[in-house]
Amino acid sequence: YFIVRPEDHPVYKRNLSGEDLREKLVSTAESFIGVEYTWGGTSSREGFDCSGLVRAVYQLNGLSLPRSMTDQYQAGTTVSRDRLQKGDLVFFSGSPGGPISHVGIYVGKNVFIHAPGKSKEVREASLDSRYFKERFSGARAYLN
């Protein structure tokens with residue numbers, strides 16, 4: 001047996017720049033398009049709920065996020081909608097002005113990927129659609 005510090009192990013080394021890591025987050029999120037929504041789901045095999053999808057995408061890229069959407073919202077750094085970058089999280093309310101109830105991963109050009117709900121699959125949606133524009137509650141960044 002060899003004891004190796006995680007930062008010395010090649011699997012744990014992060015040589016990606018911020019922009020490269022953002023691209024990897026987007027690519028990972030895109031790979032889950034079509035996976036079924038499952039309340040409380042955290043994997044492509046069992047399905048995802050919105051916060052489970054976000055957490056899995058980040059974990060698969062070596063980053064840790066809280067499990068719940070509320071904790072994800074509180075943990076990040078506020079980002080204005082006009083400053084969104086790939087990999088940032090976008091949050092929505094169930095009704096205009098209501099409490100936060102949904103999260104997705106921004107992929108660029110006003111598009112995000114999310115697990116929308118029961119009987120649906122992971123998919124892309126537009127921040128410019130009336131539904132999401134009215135319910136947008138903020139965005140958070142976790143990368144520099």
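Arg 81 forms a salt bridge with Asp 128, their closest N and O atoms sitting 2.9 Å apart. That pair ties together distant parts of the chain, 47 residues apart: Arg 81 is in the loop between E3 and E4, while Asp 128 is in the loop between strand E7 (123-126) and helix H4 (130-135). Keep in mind that this is a predicted model.

The count of salt bridges comes to six.

| Pair | N–O distance |
|---|---|
| Arg 81 and Asp 128 | 2.9 Å |
| Lys 86 and Glu 23 | 2.8 Å |
| Asp 88 and Arg 22 | 3.1 Å |

Asp 88 and Arg 22 form a salt bridge, and they link the loop between strand E3 (77-79) and E4 to helix H1 (residues 18-31), 66 residues apart. Buried means under 20% relative accessible area, so Asp 88 at 2% counts as buried, and so does Arg 22 at 5%. Lys 86 is partly exposed at 29%, and Glu 23 is partly exposed at 35%. Elsewhere, Arg 130, Glu 134 and Arg 135 make up a salt-bridge network.

Now for strand E4 (residues 89-93): five of its five residues are buried, so the rest of the structure largely encloses it. Leu 89, Phe 91 and Ser 93 cover one side, with Val 90 and Phe 92 on the other. E4 pairs antiparallel with strand E5 (residues 100-108) over five bridges, and four bridges join E4 to strand E8 (residues 136-141), also antiparallel. Ser 93 stands opposite Ile 100 in E5, and Phe 91 faces Gly 138 in E8.

How values were computed: Residues numbered from 1 in each chain as written. Predicted model: local features only at pLDDT ≥ 70, side-chain atom pairs only at ≥ 80, totals over all residues. Heavy atoms only, no water. Buried < 20%, exposed > 50% of the residue type's maximum accessible area, 1.4 Å probe, protein only. Helix = DSSP H or I, 4+ residues; strand = E, 2+ residues; numbered from the N terminus. Pairing = 2+ DSSP bridges. Salt bridge = Lys/Arg side-chain N within 4 Å of Asp/Glu carboxyl O.
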